[in-house]
Amino acid sequence: MRKVYKVAIIGCGRIASLLEDDPLRGKPASHSGAYCAHQKTKIIAGCDIDPDNLKAFGKRWKVTALYGDYRELLSFEKPDIISVTTWTESHAEIVTYAAKSGNVKGIYCEKPIAINLTQAKRMIRACKKHNVAMVVGHERRWDGQYRMIRNMLHSGELGELKSITGYALGASPPKLSRKKSGRGPMFHDGTHLIDLFRFFGGDVESVTGFDERPFGDKCVESTAVGLIRFKNGASGLIIGGGERGYFHFEIDIHTDKARVVLGNHVAELYMAEESKRYTGFTELAKKPFPPLNGHGVNAFVGGVADLIKEIETGERSISSGEDGYKALEVITALYKSAGNGKTPVELPL
Ligand SMILES: NC(=O)c1ccc[n+]([C@@H]2O[C@H](COP(=O)([O-])OP(=O)(O)OC[C@H]3O[C@@H](n4cnc5c(N)ncnc54)[C@H](O)[C@@H]3O)[C@@H](O)[C@H]2O)c1
């Protein structure tokens, strides 16, 4: 008989559940949607400090074991897998407690992994010590298009990586307290982008940061820019920020013979070829985006599958706690450099 893992959701808000009811999004679009779609998982309990969110979650997913305290949930329900989909401030406390609790085998923790590197280290250490698998919700790592381009890059099919440019721009107002709103857009949305820089470009050697804070240092940035030097010699430019009346997420990769543009609304491939406009010139020409050929897994279901694979085989997830830590390390270095007169900050911190 097939093993079915008992799942509990801690933090029953947007990414845990509510986004599933956005009629425009591809599905599954949430942790709960993904667990329902995966054959080996069943949601048995939920926890939220907000009684209304908790009740709505119970009704939406037909779950009756509902708790206001995650410790009680862990003790009474003994789930095999938990999703930690609370606000980022509480990820460390919940992940560390759950890892030590003795029953949990796997944790799907949302991004950013934690609010600082000390917390992130503690989470990784607790999971390692208690043999608990952990994935971090930078879900594009499980998306078919991103995975396929990474495989093509790593196999050499697209040539040698030279540079990556990326945007994570949104509408958040810059007149928000850094402390209260938990850093800024580069932290909240930029984490996805920085994680993808590492996914495609490998480890980062140094970061030079610059930020624009129209309401002073106590408020979040309207724009933060990072110049990235990868260990392999490639370069990166990352631009994050709020105050735009739209959301724009895009990554633009250049190798010595190709260009790939990937984003929330775009997937384009260009290859170098003889110019049709100038004699003796080579230019980039748009090509059909390659078919997904087995890479077409939904990103959230991919996260669940990856977590189960780590539980069952011990093979490290492609979006591990260490990957979450390293994305946070780059963000921390970028803010640090911006605060230090734009001097480059070497990694590891
Ligand atoms: N991967 C993605 O694309 C993505 C998208 C959105 C949010 N996120 C991340 O997911 C996390 C949650 O964001 P959201 O937008 O879903 O927020 P949200 O406010 O919609 O939901 C969070 C829920 O957690 C509950 N909560 C907070 N502290 C709790 C605690 N200690 N115990 C139990 N419940 C608690 C809140 O009451 C709320 O219902 C954040 O870390 C965020 O960065 C990721």
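Q: In this predicted model, how many bridges pair strand β4 with strand β5, and in which sense, parallel or antiparallel?
A: Strand β4 (residues 81-84) and strand β5 (residues 106-109) are joined by four bridges in the parallel sense.

Q: Which order do the strands of the open sheet follow?
A: The sheet has six strands, and the order is β3-β2-β1-β4-β5-β6, with parallel pairing.

Q: Why is one side of β3 and of β6 left without a neighbour in the sheet?
A: β3 (65-67) and β6 (133-136) are at the edges and have a single partner strand each, so one side of each lacks a neighbour in the sheet. Ignoring direction, neighbouring strands of this sheet are turned by 25° against each other on average.

Q: How do side chains lie along a strand?
A: In a regular strand, they alternate between the two faces of the sheet.

Q: What joins β12 to β13?
A: A hairpin does, passing through two residues. Strands β12 (residues 258-263) and β13 (residues 266-274) run antiparallel and share six bridges. Val 260 lies opposite Leu 269 in β13.

Q: Which residue of β14 is the bridge partner of Met 271?
A: Ala 285 is the partner of Met 271. β13 pairs with strand β14 (residues 282-287) over six bridges, also in the antiparallel sense.

Q: How many residues surround the ligand, and which are the closest?
A: The ligand is surrounded by 23 residues, the closest being Gly 11, Gly 13, Arg 14, Asp 50 and Glu 110. By class, this shell holds nine polar, eight nonpolar and six charged residues.

Note on methods:
Residues are numbered from 1 along each chain as its sequence is written. This is a predicted model: local features need pLDDT of at least 70, side-chain atom pairs count only at pLDDT 80 or more; totals for chains, interfaces and linings use all residues. A residue is near a molecule or strand if its C-beta atom, placed from the backbone, lies within 6 Å of it. Ala, Val, Leu, Ile, Met, Phe, Trp, Tyr, Cys and Pro count as nonpolar, Asp, Glu, Lys and Arg as charged, and the others, Gly among them, as polar. Two strands pair if DSSP finds at least two bridges between them. Axes are lines fitted to C-alpha atoms, for helices over the stretch in contact, and angles run from 0 to 180 degrees between N-to-C directions.
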